[in-house]
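Me: I would like to learn to read this model feature by feature. Can we start with the contact between chains and then move to the sheets?

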2 protein chains.
Amino acid sequence: MARLRVHNVTVSVDGFMAGPDQSLDHPLGVGGGRLHEWVLATRTGYRLMGLDGGSDGVDEDYAAQGEVGIGATIMGRNMFGPIRGPWRTPSWSDSDQPWNGWWGAEPPFHHPVFVLTHHPRPSVTMAGGTTFYFVTGGIHDALDQARAAAGDLDIRLGGGASNIAEYLRAGLVDYLHLVIAPVLLGTGERLLDGDVAAGYTVSRMVGPTDVTHVEMVRAAA
Amino acid sequence: MARLRVHNVTVSVDGFMAGPDQSLDHPLGVGGGRLHEWVLATRTGYRLMGLDGGSDGVDEDYAAQGEVGIGATIMGRNMFGPIRGPWRTPSWSDSDQPWNGWWGAEPPFHHPVFVLTHHPRPSVTMAGGTTFYFVTGGIHDALDQARAAAGDLDIRLGGGASNIAEYLRAGLVDYLHLVIAPVLLGTGERLLDGDVAAGYTVSRMVGPTDVTHVEMVRAAA
């Protein structure tokens with residue numbers, strides 16, 4: 001069966017996946033942008049930004065792995081955008097369009113993306129094969145829809161922290177690639193809070209670069 | 001001035017410094033013993049256990065650094081032993097002596113050790129130059145006493161998690177060597193909880209072995 005995989009999710013040494021006060025200027029909260037410097041420096045990071053170049057090596061190998069064999073993505077509302085509550089055109093937008101994600105007219109997914117939300121909204125088809133579906137039925141419903149869309153391919157699970165934590169608690173995540181960056185945030189959204197990681201085990205941990213890569217899988221029962 | 005240093009403090013990937021239910025059989029709580037496998041494998045770990053052998057390399061370099069230039073140690077009651085409340089002979093002890101720490105008749109400190117407690121107790125002099133002093137006046141009092149005892153040397157700050165967190169929050173720690181072990185505990189005592197690490201910064205992070213070493217210092221104001 002298709003696996004539910006998490007890749008490139010980066011936390012600070014004190015365990016925060018995003019800083020406080022997410023906004024248009026600070027998609028990962030204040031200070032949270034530093035978490036992702038490692039991936040932006042890789043060849044995959046460059047490619048996702050539409051650039052040539054970037055580094056090869058262990059970081060690149062991990063970054064690239066997140067793109068392999070994925071047929072659908074699930075993400076939480078907080079990863080899709082900074083808007084809370086009902087869908088609307090952001091007051092700071094110079095467009096009359098509703099918020100369609102951080103990724104511009106041609107998002108880098110190129111497959112169906114299921115956005116978990118409490119607020120219904122029609123699906124939006126973007127250039128390049130990405131369609132955003134807005135799922136109000138909860139995490140199991142989103143996973144069922146993503147499985148149907150992905151066929152034989154795997155499903156990638158995106159943030160925010162609370163979205164990943166909810167799938168972890170339900171035991172639905174098959175593989176989690178966590179990255180620990182040399183950053184202290186002091187506050188923000190913690191990923192592995194309380195007993196979120198109970199039932200999982202570390203299968204590999206390597207850190208020859210600026211960051212440490214931790215691979216987690218479900219623990220043997 | 002003498003520095004207050006923390007060394008070899010090991011947390012799980014989910015941030016716990018000890019598992020739940022500390023006891024005689026589980027000094028680091030259930031599951032917590034796995035955290036320290038890395039240090040027990042080093043030459044310094046072997047030496048502290050009274051054995052020859054052990055590994056050289058990065059882990060050993062870090063482990064050994066914690067013994068260099070230290071003239072006094074401060075630790076919390078929870079590192080000194082599993083007893084809570086007033087001092088007494090443990091019911092599971094086969095001795096009629098009060099609890100004198102985990103380390104036997106000749107503890108590996110060989111200098112004055114200040115144990116923070118709410119319960120007064122006369123000092124205890126052990127073989128090999130270690131004297132345990134029991135400090136009821138709080139963290140600043142313990143630091144003053146340790147500075148006086150250490151002279152020109154530094155002071156090493158020991159656990160438990162709440163003890164280190166209290167000194168971090170007060171901005172009194174000059175250097176913290178944190179180790180992240182490839183373990184998930186799911187519950188226990190978290191070290192870098194809330195904003196404990198606010199005011200600190202990561203100066204170095206390396207992980208070529210099974211664990212990742214993180215060095216933290218006070219952030220520039």
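Me: How many residues does the contact take from chain B and from chain A?

Reply: This is a predicted model. The contact takes 30 residues from chain B and 30 residues from chain A.

Me: How is the size of an interface stated?

Reply: Often as the accessible area that is lost when the parts come together. Here chain B and chain A bury about 1,900 Å² between them. Carbon and sulfur atoms hold 65% of that area.

Me: Which residues of chain B lose the most area to chain A?

Reply: They are B:Val13, B:Leu184 and B:Met205. Together they make up 30% of what that side buries.

Me: What about charge pairs? How many salt bridges are counted between chain B and chain A?

Reply: The count is two. One of them joins the side chains of A:Arg190 and B:Asp193, at 3.6 Å from N to O. The 3.6 Å falls inside the cut-off of 4 Å.

Me: And how many residue pairs are in polar contact across the interface?

Reply: Six, with both residues at pLDDT 80 or more.

Me: Which strands of chain B supply at least two residues each to the side that touches chain A?

Reply: Three do: β8 (175–181), β10 (200–206) and β11 (212–218) of chain B. β10(B) gives the most, with five residues.

Me: How does that side of chain B divide by class?

Reply: It has 19 nonpolar, six polar and five charged residues.

Me: Now the sheets. How do strands pair in general?

Reply: Strands of a sheet pair through backbone hydrogen bonds, either parallel or antiparallel. In chain B, nine strands form an open sheet with mixed pairing. Their order is β5-β6-β4-β3-β7-β1-β8-β11-β10.

Me: Which strands of chain B are at the edges?

Reply: β5 (124–125) and β10 of chain B, and each pairs on one side only. β5(B) pairs with β6 (residues 131–135) of chain B in the antiparallel sense, over two bridges. Within that partner strand, B:Thr131 is the bridge partner of B:Thr125.

Me: Which helix packs on the sheet of chain B?

Reply: Helix α5 (residues 139–150) of chain B. It touches β1 (4–12), β3 (70–76), β4 (112–116), β6 and β7 (154–157) of chain B. Its direction makes about 160° with that of β3(B).

Me: In what order do the strands of the chain A sheet run?

Reply: The order is β5-β6-β4-β3-β7-β1-β8-β11-β10, in an open sheet of nine strands with mixed pairing.

Me: Why is one side of β5 and of β10 of chain A left without a neighbour in the sheet?

Reply: Each stands at an edge and has a single partner strand, so one side of each is left without a neighbour. For β5(A), antiparallel pairing with β6 (residues 131–135) of chain A runs over two bridges. A:Phe132 is the bridge partner of A:Val124.

Me: Last topic: the backbone. What should I expect before I look for exceptions?

Reply: Most residues other than glycine have a negative phi, and most peptide bonds are trans. In chain A, the peptide bond from A:Gly159 to A:Gly160 is cis, with omega near 0°. A:Gly160 is in the loop between β7 and α6 (161–169) of chain A. In chain B, the bond from B:Gly159 to B:Gly160 is cis, with omega near 5°. B:Gly160 is in the loop between β7 and α6 (161–169) of chain B.

Me: Where does A:Asn8 lie, and what is its phi?

Reply: A:Asn8 lies in strand β1 of chain A. Its phi is near 65°, a positive value in a residue other than glycine.

Definitions and conventions: Residues are numbered from 1 along each chain as its sequence is written. Chains are lettered from A and ligands numbered from 1 in the order in which they are written. This is a predicted model: local features need pLDDT of at least 70, side-chain atom pairs count only at pLDDT 80 or more; totals for chains, interfaces and linings use all residues. Side-chain values use heavy atoms; hydrogens and water are left out. Contact means heavy atoms within 4.5 Å. Buried area is the accessible area (1.4 Å probe) that two parts lose on being put together, summed over both. A polar contact is a pair of N or O atoms within 3.5 Å; within protein, one must be able to donate a hydrogen and the other to accept it, and residues adjacent in sequence count only if both atoms are side-chain atoms. Helices (H or I, at least four residues) and strands (E, at least two) are DSSP runs, numbered from the N terminus. Ala, Val, Leu, Ile, Met, Phe, Trp, Tyr, Cys and Pro count as nonpolar, Asp, Glu, Lys and Arg as charged, and the others, Gly among them, as polar. Two strands pair if DSSP finds at least two bridges between them. Axes are lines fitted to C-alpha atoms, for helices over the stretch in contact, and angles run from 0 to 180 degrees between N-to-C directions.
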